[in-house]
Amino acid sequence: MENLLSKEEMDAIINGDHGNVFAVLGIHRNKGSKEVFIRAYQPHTNSIEVINKVDGSSLGFMEKLDERGFYQINLGAADNFSYKFRIENDKGEKYEQEDVYRFPCTLGDIDVYLLSEGNHLNMYKILGAHVREMEGVKGVSFAIWAPNAKRVSVVGAFNNWDGRVNVMRKNINCGVWDIFIPNIGEGELYKFEVKTHENYILTKSDPVGFYAEKRPNTASVVYNIDKYIWSDNDWMNYREEHNSFDKPMSIYEVHLGSWRRKEDNEFLTYRELADTLVPYVVNMGFTHVEFLPLAEHPLDASWGYQVVGMFAPTSRFGTPDDLRYLIDKFHQAGIAVIMDWVPAHFPKDGHGLVELDGTHLYEHADPRKGEHKDWGTKIYNYGRNEVCNFLCASALYWLKEFHIDGLRVDAVASMLYLDYSRKPGEWIPNNHGGNENLEAISFIRKMNELVYGQCKGAFTCAEESTAWPMVSRPTSMGGLGFGYKWNMGWMNDTLRYISHEPIHRKYHHGMLTFGLLYAFNENFILPISHDEVVHGKGSMLAKMPGDEWQKFANLRAYYGFMYTHPGKKLLFMGCEFGQDWEWNSEEGLRWFLLNYPMYKGMQNCVRDLNLMYKGNAPLYQIDFDYRGFEWIEHSNANDSVITYIRKGEKPGDYLIVACNFTPVVRYNYRIGVYEGIKYQEIFNSDDVNYWGSGVKNEGFMNAEDISWNDKPRSIKVTLPPLSTIVIKPIREE
């Protein structure tokens, strides 16, 4: 038989060095004649017979041109047709197999164009692994962007993890390699084997994989993400019609691996959490739950913040559909779901994105732009269209495919500043000589525009710890486009204030009130997050001064202040019952503490705060505008007392708040009011049900015609020790 192939080209196929395998293997017509050739490379085989799939007839045995497994057959003048192989391997076993190289490209022309432009927002529907059918044959299509690779293959048990067997086809226009492998399906483990131009072999997990092996294993898993049937239509329709700005937002922040553990210290699964966490969040009165990152990550100790799988829910707790089930249950219970999302950096693990195709593809080559020394991680190259598209598509993926309601974007400050945590000489200024990362800013704005443009009712939150202006303002105004920003300044100032002994607080009174000078510059969330109870910072309870009773009283008063302060609320798990130890991600919360009245009282207090907060529009309706807040008295440093009004949209809809941050009961404390009506206490953090002392204001307080605090009238109240009380006007029907 005439061999139209040179030995050098055959050797390149066998050695896995050929850059265009599809031009050699499979079925081909000789350009100089009408003869049709089929070529195959099947190592560890004795023979290959070609079978006509139409009638099952044999078209003959292929000639073995090389003992290492290279075959060819000349079928003479013939039309293209459907065929398969009947193979005998070197163990004498016989089986039938489709020829991978007879199937066409899995990329459509529009996909190639959009991928080449770096503007394919549904790229996760093209790249990665997808269960599908081609030419009547079921299998899995694989695609990966690796423009600078010499060769890319799919490896798995289906080809003995041999990178020479299923070599992919490269599209030179977009740098994407693809292949359809028949007769494999969901659950198949796979990786991409990349051969660099320096002839190094890299084995990579799928950057757009939907599921992965449970750590420490790192293979991707073929998973069909299109089969889950949602039951949250009512929720999604409600979400589309109501924005979250003038609604209550009380967020319970959760690390799923340590909220609760099984008796053997193993994780609860997503579905087990649906049966336990969902009713708990509902019972506690929270409106939102926020998960620390759930995208796949290799190291438990990173809490999910060092992500290798931007499209894969971590397999620690179950499958992607198990996570969907958990989110579905939250939505059916009326709870919105936020997820931490990490586009600021990625780890250096060899199976991840780092030097994916042998070059700095996703990251900058220069460590002055491409490396976070604080975290030992790489920084995305936001100026590369394909990388920006990858991240934007990931954000949309979680919102669209998992019905996530909000994304909390981690470490935004590290993205905005080129000199973030760097010394002089360790960073490169931008084109204008400044320290702003213009490429990251452009990416952030684009991502936020896409989220708000394509996912109605969804929102984004920024963890941004500097004074960068207009973080939560629309891009049309020059802002970054986030919906909300974490108020790190308020959190730091007020925690420092409350940690002082009460006798010294009068010297630090400004820390308590300073936040109102900028409270409406952004759409703020007040965060008592996981960051406040780790790395030696101790528990929230441990920050409080005094004896045991005073510690709990201080914390209850502080939470009362937080829940009545302008801004949405966030509380990390365990803080709601005053967990006494610093959070440890390797064990469950100390739930047994609820057997003791002081911890149970704290939990009761937070539940009632949530219920009061949700039930009173003045506490949430005008959170981001000075119209929703008015000081009554902010300068009484000697008594460490502040009083203020929270206002709703309707005239006359308001609440009065009084905080007493000393352990002294203040009787007949006069507070200025506008209306000559009755007033009633509706919340008191010193309630006996909260393990307080039970000092309270019984019945009604009648306004007197005595002007006070620049108000025409006033009421006399009793301020319990270390307390926050909330007072409501009562009008006769």
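Predicted model: local features only at pLDDT ≥ 70, side-chain atom pairs only at ≥ 80, totals over all residues.
Local features need pLDDT of at least 70, side-chain atom pairs count only at pLDDT 80 or more, and totals for chains, interfaces and linings use all residues. Residues are numbered from 1 along each chain as its sequence is written, and side-chain values use heavy atoms, without hydrogens and water.

Five cavities of 30 Å³ or more occur in the structure. A cavity is a set of points, on a 1 Å grid over the protein atoms alone, where a 1.4 Å probe fits but cannot get out.

The lining of the largest cavity (residues with an atom within 4 Å of a point) comprises six nonpolar, three polar and three charged residues. Arg 368, Lys 369 and Arg 422 are among them. Helices H6 (367–370) and H8 (412–416) each supply at least two lining residues. Helices here are DSSP runs of H or I with at least four residues, and strands are runs of E with at least two.

Glu 96 lies in strand E8 (residues 94–98). Glu 96 counts as partly exposed because its relative accessibility is 40%; the class runs between buried, under 20%, and exposed, over 50%, with a 1.4 Å probe and protein chains only. Polar contacts (N or O atoms within 3.5 Å, one able to donate a hydrogen and the other to accept it) join its side chain to those of Lys 84, at 2.6 Å, and Arg 86, at 2.9 Å.

Methods. 1 Å grid on protein atoms, 1.4 Å probe; cavity = no way out; pocket = protein on both sides within 12 Å on 5 of 7 lines; lining within 4 Å. Points joined across faces, edges and corners; volume = space filled by probe spheres on them. Nonpolar A, V, L, I, M, F, W, Y, C, P; charged D, E, K, R; others polar.
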